[in-house]
Amino acid sequence: MKLIATAAAAAALVFVAQGAQAGATFDSVKAKGFVQCGTNTGLGGFAAPDSQGVWKGLDVDVCRAVAAAMFGDATKVKYTGLTAQQRFTALQSGEVDLLSRNTTQTLTRDASLGLIGAGINYYDGQGFMVTKKLGVKSAKELNGATVCVQPGTTTELNLADYFRSEKMTFKPVVIEKLDEVVAAYASGRCDVYTTDASGLAATRATQLPNGDDHLILPEIISKEPLGPMVRQGDDQWLVVVRWALNAMIEAEEYGITSKNVDEMLKSDNPNIKRILGVTPGAGKALGLDEKWAYNIVKQVGNYGESFERNVGMGSPLKLARGVNQMWSKGGALYAWPIR
């Protein structure tokens, strides 16, 4: 009985200690007045500065949504461009508050890095891109190819798995920085460039001088659920990031947009009232103003608006919604209810 009591007391102390730290990042972000967001060094459609130096993209909009929830101002963000190898260390060390950098959520990353996924903002899969003059129509024709790939990624691991399973050989050309790996591919140093299919589309549309000369092969060889990550053990911050993303998705489900959000304040739909804070409660539960979700939609837009603006048919990438469509339209997006 003494052993049980001692163990219970120890567990209680751990719980108290963890609880005391639960708001560390939340409090730090509030105190400094902005979100330090780790993102890509420059991937069109997802995270890249425009000609005026303003960061834009699907991943950037997650950072902006968190800032809108925290401060009522989506501009209260500073961005840190990170390579694939730098990203986890930057989050672990506290250099950034949030990682929103086309990062695949995996068991190993959840279980061994001291980090945790806060949701999925893009469902992707790994593909291959080649020059049309190579004359290849399928990934199964790539035996003996040289392949450009970034280190420290699931891409690198999936590449080896795929060629092994297909009983093919390849020669990797491993380069850390995105612009350098793209340059290596463009110069002909490698036959193939492999990364997430969305990344291939972004590279072809925004980084290669003659995008039409390149072909993205039809095979998708992996599942890549991409989304923001935060540090484990900081539950209040995790909840804010998770629900900022959910608010964008659920706003689309209920037809709430940046254009009609003010009119939607008058809606009789009880779900819309909860989302927009007309019926209070959600904001208080998160430690935020009751207009936290309203501010996200008003300033950033719902998920569909963000998708269309950054990577959809209205963007240079021209990606179809596909699996990133709402669940009610056959896709995988299914927001947790704000209630």
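Colleague: Does tyrosine 162 count as buried or exposed?

Modeller: The relative accessibility of tyrosine 162 is 10%. The structure is a predicted model, in which local features need pLDDT of at least 70 and side-chain atom pairs count only at pLDDT 80 or more, whereas totals for chains, interfaces and linings use all residues. Residues are numbered from 1 along each chain as its sequence is written, and side-chain values use heavy atoms, with hydrogens and water left out. Since buried means under 20% relative accessible area, exposed over 50% and partly exposed in between (1.4 Å probe, protein chains only), tyrosine 162 counts as buried.

Colleague: Which residue forms an aromatic pair with tyrosine 162?

Modeller: The whole structure holds 11 aromatic pairs, where rings of Phe, Tyr and Trp (its six-membered ring) pair if their centres lie within 6.5 Å, and planes under 30 degrees apart count as stacked, over 60 as edge-to-face and the rest as tilted. The pair that includes tyrosine 162 is edge-to-face, at 5.9 Å centre to centre and 85 degrees between the planes.

Colleague: What is the angle between the ring planes of tryptophan 327 and tyrosine 334?

Modeller: Tryptophan 327 is partly exposed, at a relative accessible area of 39%, while tyrosine 334 is exposed at 56%. Their ring centres lie 5.0 Å apart. The pair is tilted, and the angle between the planes is 50 degrees.

Colleague: Which residue has its charged end over the ring of phenylalanine 307?

Modeller: Phenylalanine 307 belongs to one aromatic cluster with Phe46, Tyr122 and Tyr303. A charge sits over a ring if NZ of Lys or CZ of Arg is within 6 Å of the ring centre and within 35 degrees of the ring normal. Lysine 78 meets this rule at the ring of phenylalanine 34, 4.3 Å from the centre. At phenylalanine 307 the distance is 5.1 Å, and the charge is that of arginine 321.

Colleague: Why is strand E8 largely enclosed by the rest of the structure?

Modeller: Helices (H or I, at least four residues) and strands (E, at least two) are DSSP runs numbered from the N terminus, and E8 covers residues 126–131. Gln126, Phe128 and Val130 point one way from the strand, with Gly127, Met129 and Thr131 pointing the other way. E8 is largely enclosed because six of its six residues are buried.

Colleague: Which residue of E12 is the bridge partner of methionine 129?

Modeller: Two strands pair if DSSP finds at least two bridges between them. E8 pairs with E11 (residues 192–196) in the antiparallel sense over five bridges, and there glutamine 126 is partnered by aspartate 196. E8 also runs antiparallel to E12 (residues 214–216), to which three bridges join it. In E12, the partner of methionine 129 is isoleucine 216.

Colleague: Which residue of E10 stands opposite valine 147?

Modeller: Five of the five residues of E9 (residues 145–149) are buried. Ala145, Val147 and Val149 point one way from E9, and Thr146 and Cys148 the other way. E9 pairs with E10 (residues 170–174) in the parallel sense over five bridges. Opposite valine 147 stands proline 172.

Colleague: How many residues apart in sequence are the parts tied together by lysine 298 and aspartate 262?

Modeller: A salt bridge is a side-chain nitrogen of Lys or Arg within 4 Å of a carboxyl oxygen of Asp or Glu, and a search of the whole structure finds eight. Lysine 298 and aspartate 262 form one of them, at 2.6 Å from N to O. Lysine 298 lies in helix H13 (residues 292–299) and aspartate 262 in helix H10 (residues 261–264), so the pair ties together parts whose separation in sequence is 36 residues.
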